[in-house]
Amino acid sequence: MSDKLLVVSTDCHAGLPIADYKPYVESKYHDMLDMAVPITIDMLEKSESMFLIKEINDAWREPIEQELTGAWKYDERVRMLASDGIAAEIIFPDGITEKNTPPFGAGLGLSPRDMVPELQWAGAMAHNRWLAELCANDPARHIGVASIPLLWDVDQAVEAVRWCVDNGLRAVMIPTMWGEHDAYHHVKYDPFWEVCQDLGVIVHFHSGPAPHPEYFGKGFPAEDQRSELPGAMGIYVSEVMWWLYRPLTFMIWGGVFERFPRLKVMIVEGGTMFMLPSWLRLMDFQYHEGEISAKLGDFKSHLSMAPSEYYRRNVGIGASCVRRDDLDERAAIGPSQIMWGSDFPHPEGTWPNTHAYYRETFSGLPEIDGRNILGENAVAFYGLDRDRLQQVADDIGPDTSIFN
């Protein structure tokens, strides 16, 4: 076995500056895009001020501004991967940091709230066209996660998945929150789960979305309004991960993984993973101790396994910038399911200090566990070309000394 570690980041981001998506947007939407660009940039700047603290973000960006163009420039991106020792990456849409979100609300949140279905689909497919081009530079190393606004039209989503596969994309991201739409235990979504299962497309949920008006009021409040909502950000960061895991609760109890046993789902950038074991224990308790809730009727006979067993079989965890104390709980979380991510190009990620992060976080960890979490689990889950990636890793990967 090579001393060079095969590292896969299961959480990287890429996207064009929003105006540059125009060649990828159908021409009939160009006028709408021209109108949307300044409005979107203004919203992103307000989001930056609220969520990133603009002054801190600007100070972080200044010495690495050229390197940050790797969020959309391929040559710079490859240099970034080499400097981080990353052989392959899973690529999500981007957003606030570099103001490079897909147009018409088709970025990370994919929220249906206040969106025009036709436009959100147009923005999603524009991003998917560009993403397919980016990944085609080296499909073994770049695994693009297509944006799919599933909630509006299941049939359209099925056709979009087929388009993605035909164009080299075998991973999709769907909304984490459904708002007024049917939730993911509804059988109307079965054709979508089926096509993803049959074509080997992995479904992803990424953190960030939450019912923002509940935390911050309507829109993004100005400084003089924030005094009316004390603790809003603390409440948001304490609850936002609950919204990320919620779709799995619906899918597991709804029998999605019973009907589609080969369907794979990834939960990405879930912050601390300490909530996972207790969440699994809660669902298993309800499954095994159902007589306590017998008055509520039969809610488990359609399942052949306990909730935690579906989790172990069908679900992966994209552990972005994972902390050592989380890794110390790996047995309870699922050591074969934890997959590291750098979160490039976001300031909360490990880049550009990833090598120091490797040493600080993985020192003293058993080598086999470290190898699995840093890359081998992802190679197996995504079906990556291990031989090709190990060739890359032999040139750029960190070595096993990080475990000493």
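Residues are numbered from 1 along each chain as its sequence is written. In this predicted model local features need pLDDT of at least 70 and side-chain atom pairs count only at pLDDT 80 or more, while totals for chains, interfaces and linings use all residues; side-chain values use heavy atoms, with hydrogens and water left out.

User: How do you know that the span of helix α17 agrees with its number of residues?
Analyst: The expected span is 1.5 Å times one less than the number of residues. For the 16 residues of α17 (367-382) that gives 22 Å, and the end C-alpha atoms are 22 Å apart, so the two agree.

User: Why is α17 called mostly covered?
Analyst: Buried means under 20% relative accessible area (exposed is over 50%, partly exposed in between; 1.4 Å probe, protein chains only). Twelve of the 16 residues of α17 are buried, including Arg371 and Phe381.

User: How do you know that β7 and β8 pair?
Analyst: Pairing requires that DSSP find at least two bridges between two strands. Strands β7 (residues 315-320) and β8 have four, in the parallel sense; one of the bridges joins Ala319 to Trp340.

User: What makes Met339 a member of a nonpolar core?
Analyst: Such a core is a set of buried Ala, Val, Leu, Ile, Met, Phe, Trp, Tyr and Cys residues joined through side-chain atoms within 4.5 Å. Met339 is buried in β8 and belongs to a core of 23 residues, among them Ile90 and Val145.

Terms used
Helix = DSSP H or I, 4+ residues; strand = E, 2+ residues; numbered from the N terminus.
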